[in-house]
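The points proceed from the whole chain to selected residues.

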Amino acid sequence: FELIGALSTAIAVFGYINHRFIKLPDTIGITAMGLLVSLVLAVFGRYIPSIATAASDFAARLDLPDVVFHGLLSVLLFAGSLHINIRDLAKQRLPVFVLSTVGVVLSTAIVGYGTHWLLATMGINIGLTYCLLFGALISPTDPIAVLGVLKTAGAPKSLETNITGESLFNDGTGVVAYLVLLGIATGVAEPSVTAVSSLLAKEVLGALVVGLAVGYFAFFMLKGVDSY
């Protein structure tokens, strides 16, 4: 609870400063301020070790994969889905499907090979598998950030639906790509069509089944009451 309170307070303060002075889209501005604060802590930590120690102790209390996958991701996707019209999304189902599957795989490959080449030219030797793992990690887009940028730019409704719809569905492909590459990088698993297909079915089809079941149950409960 202390961690949640501290993080919520930091986000609120960063959001206020961004809205009043920086005026970037909320998610981008808050992220940029978080990076800036981290940089300041890193610099001051060299001269005041207690600051670096306190920041490290705070970060060590967070199980980041658990927080992201089982906490933040579901909230982000829910918040993004609230802004999409289902009928508009159905009209754009083909490009959304292609972007959220083939697009994520292509992005993973391009970013991975590009990172490997760039680091090699800088004399930094990092295995290709780890570079591809980085590509899989950053390829799925954030629906909230995308929506904010598109609204600011005044993009056409069809383009907005395509990109925001893709951002809602690409996490299934991204998670599968990440877990497969992580298994290869750590030597825990060998890639195979059967294993990848099974994981994809579990992450995507399984999520659809659970989402429909929970959503229908919530709808059944809510339609019997009139209360916020």
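1. A residue is called buried when its relative accessible area is under 20%, exposed when that area is over 50%, and partly exposed in between, with a 1.4 Å probe and protein chains only. The model discussed here is predicted, and local features need a pLDDT of at least 70, side-chain atom pairs count only at pLDDT 80 or more, while totals for chains, interfaces and linings use all residues. Numbering starts from 1 along each chain as its sequence is written, and side-chain values use heavy atoms, with hydrogens and water left out.

2. Helices here are DSSP runs of H or I with at least four residues, strands are runs of E with at least two, and both are numbered from the N terminus. The C-alpha atoms occupy a box of roughly 60 × 50 × 35 Å along the principal axes.

3. Of the 228 residues in the chain, 22% are buried. The exposed surface comes to about 15,700 Å², of which carbon and sulfur atoms supply 73%; such areas are computed by the Shrake-Rupley method with a 1.4 Å probe, and for residues only the protein chains shown count as cover. Among contacts (heavy atoms within 4.5 Å) with a separation of 6 or more, 65% join residues 24 or more positions apart.

4. Leu 3 belongs to helix 1, which spans residues 2-22. Its relative accessibility is 17%, and Leu 3 therefore counts as buried. Apart from neighbours within four places in sequence, Leu 3 is in contact with Phe 58, Arg 61 and Leu 62. Between Leu 3 and Ile 138, which are 135 residues apart in sequence, the C-alpha to C-alpha distance is 25 Å.

5. Lys 23 sits in the loop between helix 1 and helix 2 (26-47). Most residues other than glycine have a negative phi. Lys 23, although not a glycine, has a positive phi of about 65 degrees. Its relative accessible area is 58%, so Lys 23 is exposed.

6. Is Ser 167 buried or exposed? Ser 167 has 0% relative accessibility and is therefore buried; its place is in helix 9 (residues 157-186). A polar atom of the Ser 167 side chain lies 2.6 Å from the backbone oxygen of Thr 164.

7. Ala 185 is also placed in helix 9. With a relative accessible area of 19%, Ala 185 is buried. Beyond its neighbours within four places in sequence, Ala 185 is in contact with Thr 129 and Tyr 130. Ala 185 and Tyr 130 are 55 residues apart along the chain, and their C-alpha atoms are separated by 6.5 Å.

8. The structure holds 1 aromatic pair. The ring centres of Tyr 216 and Phe 219 are 6.5 Å apart and the planes meet at 45 degrees, so the pair is tilted. Rings of Phe, Tyr and Trp (its six-membered ring) pair if their centres lie within 6.5 Å; planes under 30 degrees apart are stacked, those over 60 edge-to-face, and the rest tilted. Both residues lie in helix 10 (residues 193-222), 3 residues apart, or about one turn of the helix. Tyr 216 and Phe 219 are both exposed.

Note on methods: Polar contact = N/O pair within 3.5 Å; in protein donor to acceptor, adjacent residues only side chain to side chain.
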